[in-house]
2 protein chains.
Amino acid sequence: MARPPNPKPVTMKDVARAAGVSVMTVSRAFKADTSVNSETRARIHAVAEEMGYVFDVMAANLRAQKSDFVAVTIPTLSNANFADTVDALSRGLAGEGLQVLLGYDNYDVDEEERLIEQLLRRRPEAIVVTGGTHTPRTRRLLGNAGIPVVEIWDLPADPIGHVVGFSNAGCIEDMVDHLVAKGYRRIAFIGGDPEQDTRGADRKRGFLRAMRRHGLDAGRAAGVGRSPASMQSGARALTRIMAEHPDTQAVVCVADQSAFGALTECMRRGIRVPEDLAIAGFGAFEVAAICVPTLTTIDPLPGRIGARTAELLLALRAGTAPDGPQTISITPALRLAQSTGDG
Amino acid sequence: MARPPNPKPVTMKDVARAAGVSVMTVSRAFKADTSVNSETRARIHAVAEEMGYVFDVMAANLRAQKSDFVAVTIPTLSNANFADTVDALSRGLAGEGLQVLLGYDNYDVDEEERLIEQLLRRRPEAIVVTGGTHTPRTRRLLGNAGIPVVEIWDLPADPIGHVVGFSNAGCIEDMVDHLVAKGYRRIAFIGGDPEQDTRGADRKRGFLRAMRRHGLDAGRAAGVGRSPASMQSGARALTRIMAEHPDTQAVVCVADQSAFGALTECMRRGIRVPEDLAIAGFGAFEVAAICVPTLTTIDPLPGRIGARTAELLLALRAGTAPDGPQTISITPALRLAQSTGDG
DNA sequence: GAGGTTTATGTTATCGGTAACAAGCGGCTG
DNA sequence: CAGCCGCTTGTTACCGATAACATAAACCTC
């Protein structure tokens, strides 16, 4: 049983010899829609299974000048929304035999550059990058790669290729509009480190724009440090905001994690939500729907982003996609709940 | 700018021609520790960058009979703990130029079999599988693959190769022991569909064993359906338990998600935690540390699992690992908090 | 300055598959 | 029965890189 690990894995040549046919016949036997005598094919399969033969996709792909890879970059796996997007994307591509090759850039455009360079060496058939802000070199690498490029989770002003995303600024504006319509005026923002998480920064920009548009004070803000935003940092940010602006009526957060952290801090301090303070988040994470009170949030529909991206890539492969770069705009859904008095 | 996508990507041959040298010299120019005139090397790099040359790892690896891949299977990405393990693993391997090739089996051993078969075709240099329960064919495939196999997140009775994990049953036993020591007697369990999530089933087995050992009633239980356990299903399970066994004093949950869902249901019903009911979870997810009251839980140290696995694989590659299959046992940490009166 | 060594580069064969072409063979047609 | 067709199988070259070996020039050493 404990055979020594095969130093030389079994190849088609070995199978061919054992089955008494040529390598080409073995190759054909492993491909559908090829003319091989059905008995021969069965025998080859039996011999191969018996010998523990494992098809070498790499070699086949080298010859066929393809890879069956789709490279994907996300900031981090530790975010259920990105995970959902990747999950839907993988699922959508798996049917066509495409494998997702995943990399993380930790919300850092320089790491993204290194990562993309590394991923491109695997000759993926398409590349999906999260976000629309990149280094010049990254843009050049992607532009010259000769493969479909899709930027997701954003609506870049100057896209590299295709886009499947939404406006991070826009949906926070909608959230502020909703709060203003409900009568809130002294509204604060938690999150948005401009140097790092560009989508977080976009959300803050949306907040500022909306507040100015309504003629309200846009000076109430507290950062949460490096992304991903943690629940702990949300709690700390709330403490800071209430210390500096005790009369704040509502808080809009860059993410549900921050919002939930702020909510728990309110519970500890006896601040009633939403009576004393309204709280809104972003992301429609599971916690938002179940915590007490439930959290008003924005659902960016991460699964839909992944699924639409997969559809787009398959259409491009099949040649059924319209000409030119596609921009597929996803409309995030406002999920009103108890934390803003909408329950 | 909008040049038509290169139908034929640039190869070393093209670079060689453009630089007026042979392919071999270009190959050397891209490898450290090879003797190439430094001016020539610089010129080749310049020409390559200018032409948009991208090194083809696949071809190089075919020749070198390696892949730089480590295949990893996890049940799902939608679980921060698995994500943390993969994250630490990727990070540990990245330094040696190893790429993680990730696949999801959705807590299903048959899907796992298909997945592993597919991953092996890429000729990974090692394979890491989450869990210690597999189909016979999967065991055969892994055993014959001739590469290091590591089972993680479990301590299988009959390991295929190496192991980096912990006893899922054991740590729930510890949790029950703790509750019994604190005076709780009527303890219920939430979760553990035996047909599907084998680690969840192990945890339930640990619960039953501990209860019987203490001579207590092990009949209080409610499932949460298919994994991954959701917060919603935890809330429903609590409702069911309290309907059937209103005098329950404590609830042990298969995961923090279930525990938090149960906690929110208590808040809605006016059940005080921990005064009327103690709640314990598993996983040490972020929510456990921040919610009110904070949740007693078990931290399986997912990052450490990933990091130790990476270390093991690197040692095996370097030939510095001890002979024979290694079993690295991780000791999960009990995190006592308010929900069991330990805050 | 002959012989040995180092440095820089080229040539050939090869990794494990497969496209393209070739060929053997039985059956069918006129 | 010559000729053509379809089915099955084999042969050759090649995908893009590189190990191994070969070679040419420069550089020492006694």
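Modeller: Strand 8 of chain B pairs with strand 9 (residues 278-280) of chain B in the parallel sense, over three bridges. Helices (H or I, at least four residues) and strands (E, at least two) are DSSP runs numbered from the N terminus, and two strands pair if DSSP finds at least two bridges between them. The bridge partner of B:A250 in strand 9 of chain B is B:A278. From strand 8 of chain B the chain passes through helix 11 (residues 256-269) of chain B to strand 9 of chain B, a right-handed β-α-β crossover; right-handed here denotes that, with the strands pointing away from the viewer, the path from the first strand over the helix to the second runs clockwise.

This is a predicted model, in which local features need pLDDT of at least 70 and side-chain atom pairs count only at pLDDT 80 or more, whereas totals for chains, interfaces and linings use all residues. Residues are numbered from 1 along each chain as its sequence is written, chains are lettered from A and ligands numbered from 1 in the order in which they are written, and side-chain values use heavy atoms, with hydrogens and water left out.

Strand 8 of chain B also pairs with strand 6 (residues 187-190) of chain B, again in the parallel sense, through four bridges. In this pairing B:I187 has B:A250 as its bridge partner in strand 8 of chain B. Strand 8 (residues 250-253) of chain B is covered on both faces: B:A250 and B:V252 on one side, and B:V251 and B:C253 on the other, are all buried (under 20% relative accessible area, with exposed over 50% and partly exposed in between, for a 1.4 Å probe and protein chains only).

The corresponding part of chain A can be described in like terms. Strand 6 (residues 187-190) of chain A runs parallel to strand 8 of chain A and is joined to strand 8 by four bridges, with A:A250 as the bridge partner of A:I187. Three bridges, in the parallel sense, pair strand 8 of chain A with strand 9 (residues 278-280) of chain A, where A:I279 stands opposite A:V251.

A:A188 belongs to strand 6 of chain A and counts as buried because its relative accessibility is 0%. Leaving aside residues up to four places away in sequence, A:A188 touches A:F207, A:R220, A:I241, A:T248, A:A250, A:V251 and A:V252, where contact means heavy atoms within 4.5 Å. A:A188 and A:I271 are 83 residues apart in sequence, and their C-alpha atoms lie 16 Å apart in space.

Elsewhere in chain B, helix 8 (residues 168-181) and helix 9 (residues 198-213) have axes that come within 7 Å and cross at roughly 40°. Axes are lines fitted to C-alpha atoms, for helices over the stretch in contact, and angles run from 0 to 180 degrees between N-to-C directions. Helix 8 and helix 9 of chain B are therefore oblique to each other; angles under 35 degrees count as roughly parallel, over 145 as roughly antiparallel, 65 to 115 as roughly perpendicular and the rest as oblique. Among the contacting residues are B:I172 and B:V176 of helix 8 of chain B and B:G206 and B:F207 of helix 9 of chain B.
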